[in-house]
Amino acid sequence: MAEKTIATFEVRRLEILDEEGNADKALMPSLTGDDIRGIYEKMLLSRAFDERALRLQREGRLGTYASIRGQEAAQAASAFAAEKSDWIFPSFRETGVQITVGYPIFMLFQYWSGDERGMKCPDDLSVFPICISVSTHLPHAVGAAIAMKLKKQKKAAIVYFGDGATSKGDFHEAFNMAGVFKAPVVFICQNNQWAISVPLSRQTAARTLAQKALAYGFPGIQVDGNDVFAVYRAASEALHKARDGEGPSFIECQTYRISDHTTADDSSRYRPAREVEYWRAKDPIKRLKTYMEKEGLLTEDYQRQLEEKNESALDEAFRKMEEIGPPPPSEMFARTFKEPTRREDIEMRSFVDGGG
Amino acid sequence: MAVVNMVQALNMALRQEMEKDPSVLVLGEDVGVNGGVFRVTEGLLERFGGERVMDTPLSECGIVGAAIGMAAFGFLPVAEIQFMGFIYGAFDQLASHASRLRARSRGRFSCPLVIRTPYGAGIKAIELHSESTEALFAHIPGLKVVVPSGPASAKGLLTSAIRDPDPVLFLEPARLYRMIKEEVPEGPYTIPIGRARMARKGRGLTIISWGSMLQKTMKAAEGFDADVIDLQSLSPWDEEAVMASVKKTGRAVIVQEAPRTCGFASEIAACLAEEAIAYLRAPVMRVAAYDVVMPLARLEDFYMPGIGTIRKTIEEALKY
């Protein structure tokens with residue numbers, strides 16, 4: 001008889017780009033100058049969208065919106081690592097992911113203005129509808145990944161969620177199932193430290209979120225979520241592994257939600273301003289910009305052109321959304337089932353006969 | 001024709017649909033090596049292999065959630081929840097996702113999955129193995145709810161459920177699994193979802209029932225000049241058949257195994273009040289279980305509506 005250690009685990013953290021814009025050459029992922037500019041452009045567009053959405057909401061021209069400010073690196077860099085054939089399962093705070101993979105911006109405006117047609121992913125993209133109910137989409141990504149594996153496709157599913165999601169049963173059931181079925185899925189947590197007013201210390205007593213994957217038999221890593229290169233490298237490696245049949249991975253991107261939870265929230269009620277300022281100084285866009293300036297990848301001209309291009313793209317997208325207008329009420333009756341039931345027909349007729 | 005019980009009939013349907021369409025998958029707890037705790041999936045693992053017949057972790061939310069992902073990506077998963085009493089861990093997945101995916105993706109995705117689960121009292125089981133909570137699910141737009149009442153309807157309805165382009169909750173009355181045998185066609189056939197079956201023809205009274213209560217209802221109706229309608233589907237349900245019969249007979253008794261308050265019988269009664277009131281010669285009557293927490297095995301026979309209660313209610317309706 002003996003008492004001995006039968007398993008030990010360690011949790012790694014990856015950092016490549018520091019706050020002064022210096023990258024660790026040994027850890028740097030293989031990204032060309034164009035790639036880096038590509039990620040930067042998506043981050044900038046995501047932020048511009050975010051600012052525009054907040055403004056439009058205040059003006060009463062858009063509904064409740066969940067800001068992604070501060071999370072642009074975690075979103076753009078991970079989505080940039082995805083292939084067009086990989087499938088993305090976003091939560092409600094993933095505008096940067098959607099923008100990075102080319103989701104039409106007018107459709108994002110449509111959705112956030114309360115029009116489901118904005119959630120009809122174009123046929124040439126692979127993005128599942130946004131999930132509102134926290135963490136309930138994780139099992140879908142696992143099921144989709146099992147489907148890809150059964151079809152012997154070299155694809156992966158990528159599912160995004162926040163730190164609050166790690167407290168829910170769906171998270172654990174999905175992680176467990178992914179491990180058991182060795183499903184080609186990459187779980188990406190944007191640990192932005194706050195679930196509305198509840199801090200991470202109230203979500204978990206664990207030292208990291210990354211370590212939760214270890215209990216389910218697959219690797220988990222924590223990365224500096226405001227560091228595009230660390231996020232890209234971790235996501236890229238995890239996706240390759242998944243596509244090569246080596247099973248799931250979990251990436252905890254440690255980042256911060258600079259804005260309120262949504263436009264319906266006031267975060268000054270529950271968190272100190274100095275904490276927000278501390279994280280504002282770690283801004284992911286500023287950090288990458290400093291790096292690009294040092295590397296000669298960014299000029300003032302290029303920056304100005306980008307900003308102008310983004311503003312006009314947003315103008316045009318919002319105009320397009322307004323031109324399309326609200327959905328006709330008949331939309332409400334469409335697609336509950338493939339074929340409407342007799343009861344639905346009766347209800348739709350009575351709606352029409354009643355003058356709507 | 002083969003003379004089989006409901007377990008065998010369901011197994012035939014699964015086997016035949018899996019033979020016909022390689023995208024049909026079976027997943028759930030104990031469905032593979034063990035063939036399901038009621039043996040409905042017996043032999044499927046041997047025939048179709050582990051990629052199509054998947055023993056899963058004990059994880060109701062994970063099973064249904066993963067089935068949604070599989071369904072959205074081209075498969076036709078048939079997931080088993082071992083008992084209806086354990087389905088609530090997956091309720092969120094059914095109510096928030098499976099039933100909404102077609103609408104909220106504006107048709108880009110659909111969710112053609114089947115959730116099979118045994119339900120109902122009368123098998124002397126332990127706690128939470130015997131309830132009838134079909135009305136909770138029939139209340140969810142976008143989810144179909146189907147309840148067979150015998151081997152022949154079980155096979156035809158399950159075949160339809162598997163082929164249906166939308167999510168179907170398929171409730172199997174556990175008490176009937178091995179209780180009755182019927183002649184069942186050997187080959188595949190379908191019974192349309194949303195259509196009732198006239199189990200018996202009569203003139204003086206309409207009795208409406210489904211699933212586990214149909215057998216008792218048929219016995220109770222003996223000697224009365226009654227239409228007995230086996231609803232077969234609760235969502236959508238065959239309003240036309242029920243209305244036509246009640247307009248003819250002028251009397252309606254609805255028999256359910258579930259507690260009375262907000263049960264599916266209430267929906268039928270409300271529709272009759274709206275659409276057939278001018279034809280009614282008697283109040284619409286419900287036979288239902290008590291609004292109590294379901295007792296364990298030693299009291300379950302007192303809890304379940306019995307043949308005597310159904311007969312008394314029929315006699316009451318005929319007094320008018």
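Me: Two strands count as a pair when DSSP finds at least two bridges between them. What makes β5(B) and β7(B) a pair in this predicted model?

Reply: Count the bridges. β5(B) and β7(B) are joined over six bridges. The definition asks for at least two, so the two strands pair. Their sense is parallel. One of the bridges links Ile115(B) to its partner Leu169(B) in β7(B).

Me: How do you know in which sense β4(B) and β5(B) pair, and over how many bridges?

Reply: β4(B) and β5(B) pair over three bridges, in the parallel sense. At least two are needed, so this is a pair too. Glu80(B) stands opposite Arg116(B) of β5(B).

Me: What makes β6(B) and β12(B) a pair, and in which sense do they run?

Reply: Strand β6 of chain B covers residues 144–146, and two bridges tie it to β12(B). The rule asks for at least two, so the strands pair. Here the sense is antiparallel. Val145(B) has Ser235(B) of β12(B) as its bridge partner.

Me: Which strands of chain B make up the whole sheet, and in what order?

Reply: Seven strands line up as β3-β2-β4-β5-β7-β6-β12 in chain B. The sheet is open, and its pairing is mixed.

Me: Why are two strands of this sheet called edge strands, and which are they?

Reply: They are β3 (53–55) and β12 (233–235) of chain B. Each pairs on one side only. On average, neighbouring strands in the sheet are turned by 20° against each other, direction ignored.

Me: Which helix packs on the sheet, and what does it touch?

Reply: Helix α7 of chain B, residues 151–163, packs there. It touches β2, β4, β5, β6 and β7 of chain B. Its direction makes about 160° with that of β7(B).

Me: How do you know whether β5(B) is enclosed or open?

Reply: Look at burial, residue by residue. A residue is buried if 20 or more other C-beta atoms lie within 10 Å of its own. Six of the six residues of β5(B) are buried, so the strand is largely enclosed by the rest of the structure. Both faces are covered. Val114(B), Arg116(B) and Pro118(B) lie on one side, while Ile115(B), Thr117(B) and Tyr119(B) lie on the other.

Me: What makes up the side of chain B that touches chain A?

Reply: 35 residues of chain B are in contact with 32 residues of chain A. Helices α3, α4 and α5 of chain B each give two or more residues. The largest share, nine residues, comes from α3(B). By class, this side of chain B has 13 nonpolar, 14 polar and eight charged residues.

Methods: Residues numbered from 1 in each chain as written. Chains lettered and ligands numbered in written order. Predicted model: local features only at pLDDT ≥ 70, side-chain atom pairs only at ≥ 80, totals over all residues. Helix = DSSP H or I, 4+ residues; strand = E, 2+ residues; numbered from the N terminus. Axes fitted to C-alpha atoms, helices over the stretch in contact; angles between N-to-C directions. Contact = placed C-beta atoms within 7 Å. Buried ≥ 20, exposed ≤ 12 C-beta atoms within 10 Å, placed from the backbone. Nonpolar A, V, L, I, M, F, W, Y, C, P; charged D, E, K, R; others polar.
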